[in-house]
Amino acid sequence: RTGASVDLGTSTAQIRSGGDVVALSAVGAGVTIAAGGRAVIAWPAALVTPTDASGELLVYQASPPLANEMMDFVCWGTTVAFSFKADAEANGKWTAAAACAAALGQGAIHRMPATQGLSAGDYDVAAAPSPETCAP
């Protein structure tokens, strides 16, 4: 959360999974997150690597994605072939040597409230998808 609104359409952030990279400005075009708010964006079609059985999702500050610019990381299931888990561990975005969360039970992964998102225990992989919107 931030104290200022964020226009995703002008963001330099990148979303990555495996070898696939998508500009947040492309998938978030027309979406502004109000200060302290949330937003829902569609899953980018170009991110084809993750499955319910295994996957990773990373957010980087800019393009090209550099390991030291990693903003967030999550992994689930078995380690993927093209993994960035070691980079996440080295940059404090995942606990070193911690296993990924279990495979997704219902096609969704939820970060648990009041957690840092640094290990499997910080995520719920059994709950059904529960999209939220910013509508008042």
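Is G28 buried or exposed? In this predicted model, G28 is buried, because its relative accessible area is 0%, and a residue counts as buried under 20%. The residue is placed in the loop between α1 (24-27) and β4 (32-33). Leaving aside residues up to four places away in sequence, G28 touches L8, G9 and I41. Its C-alpha atom is separated by 25 Å from that of W94, which lies 66 residues away along the chain.

**Overall architecture**

The protein chain contains two helices and eight strands. Read from the N terminus, its elements follow the order β-β-β-α-β-β-β-α-β-β. The radius of gyration is 15 Å, close to the 14 Å given by the globule rule for 136 residues, so the chain is as compact as a globular protein of that length. Along the principal axes, the C-alpha atoms fill a box of roughly 35 × 35 × 30 Å. Of the 136 residues, 30% count as buried. Among contacts with a separation of 6 or more, 45% come from residues 24 or more positions apart.

**The sheet**

Four strands form an open sheet in the order β3-β2-β5-β6, and their pairing is antiparallel. Strands β3 (20-23) and β6 (70-77) are the edges, each pairing on one side only. On average, neighbouring strands of this sheet are turned by 15° against each other, direction ignored. Within the sheet, β2 (residues 14-17) and β5 (residues 54-60) pair in the antiparallel sense over three bridges. One of the residues involved is Q14, whose bridge partner in β5 is Y60.

In soluble globular proteins, nonpolar side chains tend to be buried together. Here the largest nonpolar core has 16 residues, and those with the most contacts inside it are L58, M70, F73 and W94. Strands β5 and β6 each supply at least two residues of this core. The strand that gives the most is β6, with five residues. For M70, the residues touched are L58, V59, Y60, F84, D87, A88 and K93, not counting residues up to four places away in sequence. Another core lies apart from the largest one; it has eight residues, among them A13, V22, L24 and L47.

**The disulfide**

How many disulfides does the structure hold? There is one disulfide, and it joins C75 to C100 with an S to S distance of 2.1 Å. A disulfide is a covalent bond between the sulfur atoms of two cysteines. The pair links distant parts of the chain: C75 belongs to strand β6, whereas C100 is in the loop between α2 (85-90) and β7 (110-111), 25 residues apart. Why is the disulfide of C75 and C100 left-handed? The torsion about its S-S bond is about -100°, so the disulfide is left-handed. Both cysteines are buried, because C75 has a relative accessible area of 0% and C100 has one of 13%, and buried means under 20%.

**Buried residues discussed above**

The table lists the relative accessible area of the residues for which it has been given.

| Residue | Relative accessible area | State |
|---|---|---|
| G28 | 0% | buried |
| C75 | 0% | buried |
| C100 | 13% | buried |

How values were computed:
Residues are numbered from 1 along each chain as its sequence is written. This is a predicted model: local features need pLDDT of at least 70, side-chain atom pairs count only at pLDDT 80 or more; totals for chains, interfaces and linings use all residues. Side-chain values use heavy atoms; hydrogens and water are left out. Two strands pair if DSSP finds at least two bridges between them. Axes are lines fitted to C-alpha atoms, for helices over the stretch in contact, and angles run from 0 to 180 degrees between N-to-C directions. Buried means under 20% relative accessible area, exposed over 50%, partly exposed in between (1.4 Å probe, protein chains only). Contact means heavy atoms within 4.5 Å. A nonpolar core is a set of buried Ala, Val, Leu, Ile, Met, Phe, Trp, Tyr and Cys residues joined through side-chain atoms within 4.5 Å. A disulfide is a pair of cysteine sulfur atoms within 2.5 Å. The radius of gyration is taken over C-alpha atoms; the globule rule is 2.2 Å times the number of residues to the power 0.38.
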